[in-house]
Amino acid sequence: MKVVVVGGQGFIGQALVARLLRGAAIDGRPASRITVLDQAIAQPINDARLRYVEADISERWALEHSIAGGVDCVFHLASVPGGAAERDFELGMKVNLHSTVGLLEALRLGGAAPKLVFASTIGVYGVPLPAVIDEQTIPVPTLSYGVPKLIGEYLVADYGRRGFVDGRSVRIPGIVARPPSKGMLSLFLSDLIRELSAGRSFVCPVAPEGTSWLMSRPCIVDNLIHAAQLSPAQVAVRRTWLLPVLHVSIATVVEAIARLYGRGVLDRISYQPDHALQAQFASYPPLLCPQSQAAGFRDDGSVEQLVSRALEPI
């Protein structure tokens, strides 16, 4: 099984590569070669199965080099996150849309029709959100991050329909607990878990009753690998999948952290709500996706499990 991970040095990509190196199989076949394509290779792993391509993913030569020698499965995880895409429209379009088109074209011209798992986003749903999100909800993005991701879903489906790739997209929710960084407006969800669990104080920029959709990094890796193994019959029904998530309030997450790390956690949390931030990232309604659950996609199971898995090393 020859695998390419585009954006393989990112928060999710590193965990996916590590899981593949530990023997995670796709269609019963472990990875014999894993190509990591990213603009910067900061943490290379010494393993004969790995090869790194350090390049701008919008460069055609980089894409062609990454799939040279054959490819069976591609995970496309690279993106410019929401805040950065809002601030720099051209960069967001270059990476989130044009690089996706470039990858699809490279795979089409390569002729192998590999499996392609495209990391889309819940950002395809704009605000204000309806009372419930389900698998029939029409996405109407209101950020310049969600728009190219939605276009990417349509392109993956069309290239899949035509047999150029065996495509499938997953709409990824808030993944925790990400390290400190710039450019991701929803990072406070990770900061909340990381800071309080480490015994530090945290000023939360949304109210305790604010609700979000959360998933741990190990759980999203589970779901990405599962997406790669969907059967032809399953992708014939749909190529874009809404993932099951834990729909939780900020207060519920704080209580779970307190149960795991002691009641002192409750003394270290305070709130200074940013109403615009809360409207975009902490006003989520219930999410229902029975078809995805029937297809085998899973959430973390409980809020305590979410917190524990969110803090696991790779």
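Trainee: How do the residues lining the second largest pocket divide into nonpolar, polar and charged?

Mentor: Seven are nonpolar, three polar and five charged. Ala, Val, Leu, Ile, Met, Phe, Trp, Tyr, Cys and Pro count as nonpolar, Asp, Glu, Lys and Arg as charged, and the others, Gly among them, as polar. The model is predicted: local features need pLDDT of at least 70, side-chain atom pairs 80 or more, while totals for chains, interfaces and linings use all residues. Residues are numbered from 1 along each chain, and side-chain values use heavy atoms, without hydrogens and water.

Trainee: Which residues lie nearest the centre of the second largest pocket?

Mentor: Of its 15 lining residues, these are Pro 139, Glu 153, Tyr 154, Arg 171 and Thr 240. A lining residue has an atom within 4 Å of a point of the pocket, on a 1 Å grid.

Trainee: What gives the most to this lining?

Mentor: Helix 5, with four residues. A helix is a DSSP run of H or I, at least four residues, and a strand a run of E, at least two, numbered from the N terminus.

Trainee: Why does Arg 171 count as buried?

Mentor: Buried means under 20% relative accessible area, exposed over 50%, partly exposed in between, with a 1.4 Å probe and protein chains only. Arg 171 has 10% relative accessibility, so Arg 171 counts as buried. Arg 171 lies in strand 9, residues 166-172.

Trainee: What makes a polar contact with the side chain of Arg 171?

Mentor: The side chain of Glu 153, at 2.7 Å. A polar contact is a pair of N or O atoms within 3.5 Å; within protein, one must be able to donate a hydrogen and the other to accept it, and residues adjacent in sequence count only if both atoms are side-chain atoms.

Definitions and conventions
On a 1 Å grid over the protein atoms alone, a cavity is a set of points where a 1.4 Å probe fits but cannot get out, and a pocket is an open set with protein on both sides within 12 Å along at least five of seven lines; lining residues have an atom within 4 Å of a point.
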